[in-house]
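Thanks for coming, everyone. Please look at the model on the screen while I talk.

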Amino acid sequence: MGSHSKRSSAEWFIDQLNVGNAKLLAFALIIGFIAYHGILHLRYGPDSCTWLLSSGRYKGDHEWQPYGCMLHKYSKMDARRCLRYLAFWGKYNSFAFIGDSRLEQLYEYFIGVINTRLDIDSSYSTVDHHMPNYTYVDNKLRLSITFIWSDDVSKTMVEQFRTWQYSDRPPSVIVASAGLQLVKNRNITDQALEEYKRNLTQLVQPVDSLASRGTQVLWKTMEAVDIARLRSDVKINNADIDAYNKAALEILQHSATKLWNSPRLASAAASSADGLSISPTALRHSAQILLNMFCNDHMNFNDGTCCALPEPCTQLQLLTFALFLLCAVLATIRFIWRWSQNFKQQIDGYSLVNQTVVVEAPSAMAAIAKLGMIMAYFYLCDRTNFFMKENKYYSEWSFWLPVGYVFALGLFFTDESRSSSHSRVLHREQTNEWKGWMQLVILVYQVTGASKVLPIYMMVRALVSSYLFITGYGHFYYTWKTGDIGLVRYFRVIFRLNFLTVVLCLTMNRPYQFYSFIPLVSFWYTLFFVIWALPPHITQSSSHTVESKPYQYLYIAIKIIGLLTIVTVLYMSEVFFQKIFVTRPWKALFVNADDDIHQWWLDWKQDRYSMAYGIIFATAYLLAQGYNLLDDNNHSNLFTPGLSLSATLVAFIGLGSYVTFTFFCTNTFDCNEIHSYVTFLPIVSYIILRNVSGALRTRHSSLFAWFGTITLELFASQSHIWLAADTHGVLVLIPGAPILNLILTSYIFIFTAHEIHKLTAIILPYAVPDDWKLVLRNFAIFLAILVPIGIHDGMF
């Protein structure tokens, strides 16, 4: 009995490991993280500037990562563009540094980040160039950077703050720091610390007055020294430095001063040669922190969220969420009414014994309400600063190790099918598996920022081409077997492709081209549909065998040539291409947020032949079947042993050739130009290797196949609830624990995508019914909704 009970408990536990319970756990995690971050905001405030200045860590690439926000890496051009922009709007860019030799180092480095060669532009000047004070001026940028020497919180510092307090034009940013000379010259006593505190107290009133006028005052805590590298005559104790920093914190935390602690952490990880001065690495990061604090909210760089306010919610977003809320209210009322009716029947004594249980179709209203809840989570993650965000980090280990884990896990879930349909080349489970592992590799590529490595970038380009190849192959094969090229089929495919994307465009205030892969697949499928819907048609009866009506293959060849002709004509002239696609009203489908079509041109031309390759391969495969050149109706090999070995060798050569091309190609432009002509090599080579052996062809990874069914949802959702800041960063739910954070955000992301896939399937029959007349009616309603939106956005 004991073993039986034990076994039952184990079976019960295994039964609980299902997708439904996994989604409930994901929902509970979301609620928990919302509560956790809400507490963080209540206790520490929502200001990401505080996070930027207070804490951070070094990543593996020796770049500084602030706590909870993204740091944009300002180039000289970026910095000058920011200052020029502010000067254009009448702002005087004034920076003041007041402190000791370490702050003087930062002052000099900060000027070096901004200025160009002095002999090129006469507007640059350095006035008051004598010890101990300096002022750097750039009239074109309306820029002034001043350094004032003060190695203690002395009368000089206090008077200077009072001068700024009563100045008509105080500095935009004041960076102050002092105390190192005190540590060097005297022993630390309680009396010395009390004197230091009294002097700091005199700064509180001027600082508060300056802050009320818009000046940002930063007190830079003293960095630790590297005792091992100090000269023998320099006696400094880090414990004394900590005591002075603690004293400054005790006094200034009650004022409007922003305490700048992060340089202390940065310098501790990157000490200088003499142990006393600030290292170049720490200086670089301090200058970047200053520029991010000053410029981010004005420049709106996608990878700079520190000190940047989130974009405001638009009227369209408010209206969309209001409609979601209305659906939620109606769905709740409907649920309560049905529950009350059932409860009333039970109270009245109605017997349900032997009553037929009617299983109702899932409610579209409830599905839309659930989708609205999910979109609210999307908005919270990516359009607000409620959750934290961090910059991406790439290293060879950070990319290849997760890829290795993914494939090891996928192979662990390998299944074998004995059904005859699963012996066919590129059967459903195999194509889902292919799409699944490709999507997972692309996700690793996105989260690690591996696009900066050209060979990896080109290999991922080949994966995107493979998806379009599968699209061409799958739709052609379906049309060949069924002859279904009707409007209902077209709108169902387009709905599945675009439903989530359209909802995201409305709720996240992003253009259609932001989800670049979805428009690409939709365009190519639409072109395929138009060409194949034109006569002569290929029907199931006419395409049953090769010998019955061989001229059907002539029709296919004509359609393929027509497809290639359209592609070639569009490719021959970028100007003609742009004239076609910037024509109103469909211009909005092809331009980005900057009203630029160039990115669509690049994406389109890189994969302009991929779908055609898939159709040609499908035609060749069907011809080979018809002439008995291969046999995939059983679990044996496709060819004879000798031919199978030759095909395998050729496939390895094809893969090796493409990989070699990615390593020898020197720049992105040349690689992209060549890619469209050679992308079929790795794709066809993979298909051969995957299908020649019957043992491999009839086995598939159920895990990869499961991911393959939700690739569209994963692709569209990743930008908002897994990545952050328009894919430039990473969402942070657990600060300070990057590995655990990645695991949990991935878990929530995956099961959210699966739930969206399920909701889309529920809504699909209502949006695209079986009757083509009802489909056209619904499409007309959709266009009627889009017209006022388009008028508002200038589409017409």
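**The largest cavity**

Let's start inside. The largest cavity is lined by K435, M438, Q439, I442, L463, V464, Y467, F517, T711 and F715. A cavity here is a set of points, on a 1 Å grid over the protein atoms alone, where a 1.4 Å probe fits but cannot get out; lining residues have an atom within 4 Å of a point. Now the ground rules: this is a predicted model, where local features need pLDDT of at least 70, side-chain atom pairs count only at pLDDT 80 or more, and totals for chains, interfaces and linings use all residues. Residues are numbered from 1 along each chain as its sequence is written, and side-chain values use heavy atoms, with hydrogens and water left out.

The largest cavity holds about 80 Å³ of space. Volume means the space filled by probe spheres set on the points, with grid points joined across faces, edges and corners. How many cavities of 30 Å³ or more are there? The count is five.

Which elements build this lining? Helix 15, helix 16 (454-482) and helix 28 (711-721) each supply at least two residues. Helix 15 gives the most, with four residues. Helices (H or I, at least four residues) and strands (E, at least two) are DSSP runs, numbered from the N terminus. By class, the cavity lining has seven nonpolar, two polar and one charged residues. Nonpolar covers Ala, Val, Leu, Ile, Met, Phe, Trp, Tyr, Cys and Pro; charged covers Asp, Glu, Lys and Arg; the others, Gly among them, are polar.

**The second largest pocket**

Next, an open space. A pocket is an open set of points with protein on both sides within 12 Å along at least five of seven lines. The second largest pocket has about 1500 Å³ of space. Its lining counts 45 residues, and P402, W722, L742, I743 and S746 lie nearest its centre. Elements that give two or more residues to this lining include strand 1 (56-58), helix 14 (396-412), helix 15 (428-448) and helix 29 (738-767). Helix 29 contributes the largest share, ten residues. The lining divides into 31 nonpolar, ten polar and four charged residues.

**Two helix pairs**

Now the packing. Two packed helices are described by the angle between their axes and the distance between the axes. Axes are lines fitted to C-alpha atoms, for helices over the stretch in contact, and angles run from 0 to 180 degrees between N-to-C directions.

Take helix 17 (residues 487-508) and helix 18 (residues 517-533). They pack at about 175 degrees, with axes 10 Å apart. That makes helix 17 roughly antiparallel to helix 18 (angles over 145 degrees). Contact means heavy atoms within 4.5 Å. On the helix 17 side, the contact residues include L487, Y490 and L497. On the helix 18 side, I518, V521 and F529 are among them. This contact divides into nine nonpolar, four polar and one charged residues.

The second pair is helix 20 (residues 574-581) and helix 21 (residues 598-606). Their axes come within 11 Å and cross at roughly 115 degrees. So helix 20 is roughly perpendicular to helix 21 (65 to 115 degrees). E574, F577 and F581 in helix 20 meet H598, W600, W601 and W604 in helix 21. By class, that contact has five nonpolar, one polar and one charged residues.

**Backbone details**

Where does P585 sit? P585 is in the loop between helix 20 and helix 21. The peptide bond from R584 to P585 is cis, with omega near 10 degrees. The bond from P535 to P536 is cis too, with omega near 0 degrees. P536 lies in the loop between helix 18 and helix 19 (551-572).

Last, R142. Its phi is near 50 degrees, a positive value in a residue other than glycine. R142 is in the loop between strand 5 (133-138) and strand 6 (143-149).

Technical notes: Angles under 35 degrees count as roughly parallel, over 145 as roughly antiparallel, 65 to 115 as roughly perpendicular and the rest as oblique.
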